[in-house]
Amino acid sequence: MAGMIAVCRKELADHLGSKRYIVLFALILSLSMLLAYQGAEYVRHNPRLGFMAAFSGAQFGFSFTAIMVLFGPIIGLSLSFDSINRERASGTLSVILSQPIHRDSVINGKFLAGTIALSLLSTTTIGIMCGVTIFILGFGPTAEESIRIVIYALFTILYLAFWHALGLLYSTATKKTSTSMLISVTTWLFFSIIIAIIAALIAFLLVPARIPVRAEGNITQIIQSEEFKESMRRRAQIQMNIQKLSPAYLYSEACNLILTSKPSGGFERPVRSLTLAESLLAIWPNVTAIIAALIFCFVASYILFLRLEIRPER
């Protein structure tokens, strides 16, 4: 335990003092202030949506949640994609293990330090978002909205921690940092962008719905028949089921339930908003899936690291 704490302190100091972390932190803080302004403007133009719309609303472009969905993986992977193989190549890892420190303390300390650094970034960013939004609007969240913001922050930390664990796995499984970086970028692109394209293509092939049209002179109108609507519902459902393989989609879907209290059901409009208890029950499968993926990545990197052959540099 003492060895893990020592490694955690050393890694946390390295993270907080590194140019990589400072640049990422400054970038996210700058974006959060800009997004807080546009979120406040969105709430001002849609007052019935409440304070939570500042995180999910996009008045001038991307919302804060959309930014975290897209760039959250980069933040998590950037802190861990070279945490093992870089020290292994430079010989510092063999020096650390020559000390009275167990191997499991090293891998545990690195993961814990990265998670703490990501937690600081997430909570600070969301806190600034709330502060700027309150200053612009002149009012703050209600008690229930405050609880939802806390849940949203915790789930964001979990989401970033998963990508951090995945980067740690890549760093442990590969010898070169260039290889782990390439795999990390490929994984980010696949789960953030490519899987949505694949899901849409598969849904189109499985449900090849033809768009019924009616021509009246020079004007062509789409006929909204029940058969066409049912085909669109089936296509949307297939696409959603495939995209649920992506942690980015699971995070986006859960955030939508937390922030807007309304499920994204494709063509089906929700009759009413969900209560806090119903929202927690609805996001539980998404949370469980990300936790399971995080545990798998960390356990895999843990086992690989314990079996890793580390020789001192000559």
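Modeller: H8 passes H9 in a right-handed crossing; right-handed means the near helix is turned clockwise from the far one by less than a right angle. This is a predicted model, where local features need pLDDT of at least 70, side-chain atom pairs count only at pLDDT 80 or more, and totals for chains, interfaces and linings use all residues. Residues are numbered from 1 along each chain as its sequence is written, and side-chain values use heavy atoms, with hydrogens and water left out.

Colleague: At what angle do H8 and H9 pack?

Modeller: Helices are DSSP runs (H or I, at least four residues), numbered from the N terminus. H8 spans residues 143-173 and H9 residues 177-206, with axes 9 Å apart. Axes are fitted to C-alpha atoms over the stretch in contact, and angles run from 0 to 180 degrees between N-to-C directions. The angle is about 145°.

Colleague: How many salt bridges does the structure hold?

Modeller: A salt bridge puts a side-chain nitrogen of Lys or Arg within 4 Å of a carboxyl oxygen of Asp or Glu. One of them joins Lys10 and Asp14 at 3.2 Å, N to O. The structure holds 8.

Colleague: Are Glu87 and Lys110 buried or exposed?

Modeller: Their side chains meet in a salt bridge (3.1 Å, N to O). The pair links distant parts of the chain, with Glu87 in helix H5 and Lys110 in helix H7, 23 residues apart. The classes are buried (under 20% relative accessible area), exposed (over 50%) and partly exposed in between, with a 1.4 Å probe and protein chains only. Both residues are buried.

Technical notes. Helices (H or I, at least four residues) and strands (E, at least two) are DSSP runs, numbered from the N terminus.
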